[in-house]
Amino acid sequence: MDFEWIKIPYALLSLFIVLNYGLLMTALVTKIGARAGRRYGIPIYQNYIDILKNMALRTSLTHGVMFYLGPVFRLSGGVGLLLFMPLIFGSEMFSNFSFAGDLMLVLYFIFFGMLGMALGAGESGSPHAAIGVSRGLSQVTTSELPLALAVFAVALQYQTLSITDIVAAQQHGWTSWTLFTNPLAVIAAMFSFLGSMMRPPFDIVLAPQEIPIGPPTEYHSSYLAAMQTNRMIFAVAKVVVYMNLFFGGASNWFELFIKVFLIYLFSAFVGVCFPRFRVEQSVRWFLVWAVPPGILAILLV
Amino acid sequence: MKKELEKRTVTGPDGQVFEVDPLKDYFCEATPTVQTGEYLQIVEDLFNWARSNSIWVLGFGTGCGAIEMRPLMTPRFDAYRYGVQWRATPRQSNLFIVSGYLSVKTLKRVVRAYEQMQSPKYVMGLGSCTINGGMYWDSYNTIKQLDDYLPVDLYVTGCMPRPEALLSGIEALKKIIREGRGEGANIYAERFEWYKANQKKVIQDWDMPDYNW
Ligand code: SF4
């Protein structure tokens, strides 16, 4: 693959679009969740104000170098995930820095921010953060398992590790989507998706009603603003991974917005319908319900 | 002073002996300083607007008035649509609602939580107990006037105030913040000695550093 400088401004532009889309979409989904609870919900622009407010705080304190780096790792996890995968299929402008083996890198990036965050939260010294980290890592580890299985099944099916090729293989009408050619893998992956979106039933790690909100307990001001920004980017980037692998990718921004919204809505929908799992319950749930379809998907390919 | 907070000598794994002073080791000793706003008034105005529209309340129910905060989150009042959210940790919150009577024991925790919040931070006193002691005015273990101990931006009167009163209190607070008058953190820093003296007068077993960063 040859590298062209013009790709850098294009990548920044796509980052900008995704950030704004993420800010608005997550607010909209929160609003939908509020409507399900018969509330009016936050204003659609609330996320922007929250981030601005957090950056406007005058004091902030640190607990050490790793505490600084926690949000940085988290942000680079989200941005990296976005930059190394094709956003719009067939578009010179928005294919970012995708290359032949990017699927592995993407899988790694999904986990990367989590680990950085765990280190940073660990240095904050708050016992609540430590509890949050141990809960979070055990849950994420088990929820990554079905995703990894599903990704391997898909890679086997299309005989490639490049996301662009996988999207290309799904371009013969909607019946050629992985969703229809390999439903078991998609089921396993969607179960895993629920686990990683931090919504009920799997949100015990970050739920505000829990022991002070887990790993970010000590984070505040611009640290928190960086993490909020990442959350918006990461949510969209992660859904784009799913869209590319399982739902035929997108050939223009409009299609991307719609698909991302619908896939994201799936987790929100499950979220408002179900109460919360404890961590050991959710670990068991993943092992019992999400891993077998993943294994079956690999065996059947 | 609690036993675990006293100085002690510890022998390290390599035989080195050193002294541990928990109060110094676990806390920063720096006292608060006055923090000025941005140099450009227009930036400060924008920030104040953002601060007023994103109020994160510390979810720490200190007295019976805390009951009134719960309906605010539910469909009938739904404070979220005004940009008000509840946070479980003082680090991320900027409004401390002291919801009613404050026993001396709780005051200690309140002071600690307040000092951990990042400035600019606001305090709202809820109910007559925070104003004049309310029906606990002659009690031996509650404080009578909240602003002797913390800089209060706003009181909401009543015993207990209805959720509507609390909501209109929040709206009034927003106005104060937008006008740039929500500078309680700076008042606290300026009159630090006075506040500390008042706090230490009622808190007998003072076993924390003077400022809990
Ligand atoms: S003012 Fe009334 S309701 Fe509020 S804390 Fe005091 S006694 Fe309770």
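## Close-up views of a predicted two-chain model

**View 1. A cluster of aromatic rings in chain B.** B:Tyr114, B:Tyr188, B:Phe192, B:Trp194, B:Tyr195 and B:Tyr211 are joined into a cluster through ring pairs. Please keep in mind, here and in every view, that this is a predicted model. Counted over all chains, there are 28 aromatic pairs.

**View 2. Two edge-to-face ring pairs.** A pair of aromatic rings is described by how far apart the centres are and by the angle of the planes. A:Tyr219 and A:Tyr223 make an edge-to-face pair, with 6.1 Å from centre to centre and 70 degrees between the planes. Both A:Tyr219 and A:Tyr223 are buried. In chain B, the rings of B:Tyr80 and B:Trp86 also form an edge-to-face pair, at 6.1 Å centre to centre and with 65 degrees between the planes. B:Trp86 has a relative accessible area of 10%, so this residue counts as buried.

**View 3. Lysines over ring faces.** A:Lys31 lies over the face of A:Tyr40, at 4.2 Å from the ring centre. Another lysine, A:Lys53, lies over the face of B:Trp56, and here the distance to the ring centre is 4.1 Å.

View 4. A:Leu24, A:Leu28, A:Ile32, A:Ile44, A:Tyr45 and A:Tyr48 together make a nonpolar surface patch of about 480 Å². Helix α1 (residues 7-36) of chain A gives the largest share of this patch, with three residues. A:Tyr48 has its place in helix α2 (residues 46-56) of chain A. This tyrosine counts as partly exposed because its relative accessibility is 33%.

**View 5. A covered strand in chain B.** In strand β6 (residues 122-126) of chain B, five of the five residues are buried. In a regular strand, side chains alternate between the two faces of the sheet. On one side of β6(B) are B:Tyr122, B:Met124 and B:Leu126, on the other B:Val123 and B:Gly125, and all of them are buried. Strand β5 (residues 95-98) of chain B runs parallel to β6(B) and is joined to it by four bridges. Look for B:Ile97, which stands opposite B:Met124 in β6(B).

**View 6. Salt bridges within chain B.** Side chains of opposite charge can pair when their charged atoms come close. The structure holds 15 salt bridges over all chains. One of them brings together the side chains of B:Arg81 and B:Asp78, at 4.0 Å from N to O. B:Arg81 is partly exposed, with a relative accessible area of 30%, whereas B:Asp78 is buried at 1% relative accessibility. Another salt bridge joins B:Lys196 to B:Glu115, whose closest N and O atoms are 2.7 Å apart. This pair links distant parts of the chain: B:Lys196 belongs to helix α8 (residues 192-202) of chain B and B:Glu115 to helix α4 (residues 104-116) of chain B, 81 residues apart. Both B:Lys196 and B:Glu115 are buried. The side chains of B:Arg181 and B:Glu179 also meet in a salt bridge, with 2.7 Å from N to O. B:Arg181 counts as exposed because its relative accessibility is 53%.

**View 7. A salt-bridge network with residues from chains A and B.** A network of salt bridges links A:Arg58, B:Glu44, B:Arg51 and B:Glu183.

Key:
Residues are numbered from 1 along each chain as its sequence is written. Chains are lettered from A and ligands numbered from 1 in the order in which they are written. This is a predicted model: local features need pLDDT of at least 70, side-chain atom pairs count only at pLDDT 80 or more; totals for chains, interfaces and linings use all residues. Side-chain values use heavy atoms; hydrogens and water are left out. Rings of Phe, Tyr and Trp (its six-membered ring) pair if their centres lie within 6.5 Å; planes under 30 degrees apart count as stacked, over 60 as edge-to-face and the rest as tilted. Buried means under 20% relative accessible area, exposed over 50%, partly exposed in between (1.4 Å probe, protein chains only). A charge sits over a ring if NZ of Lys or CZ of Arg is within 6 Å of the ring centre and within 35 degrees of the ring normal. Patches are made of residues with over 30% relative accessible area and no salt bridge: like charges are joined within 9 Å, nonpolar side chains (Val, Leu, Ile, Met, Phe, Trp, Tyr) within 5 Å. Accessible areas come from the Shrake-Rupley method with a 1.4 Å probe; for residues, only the protein chains shown count as cover. Helices (H or I, at least four residues) and strands (E, at least two) are DSSP runs, numbered from the N terminus. Two strands pair if DSSP finds at least two bridges between them.
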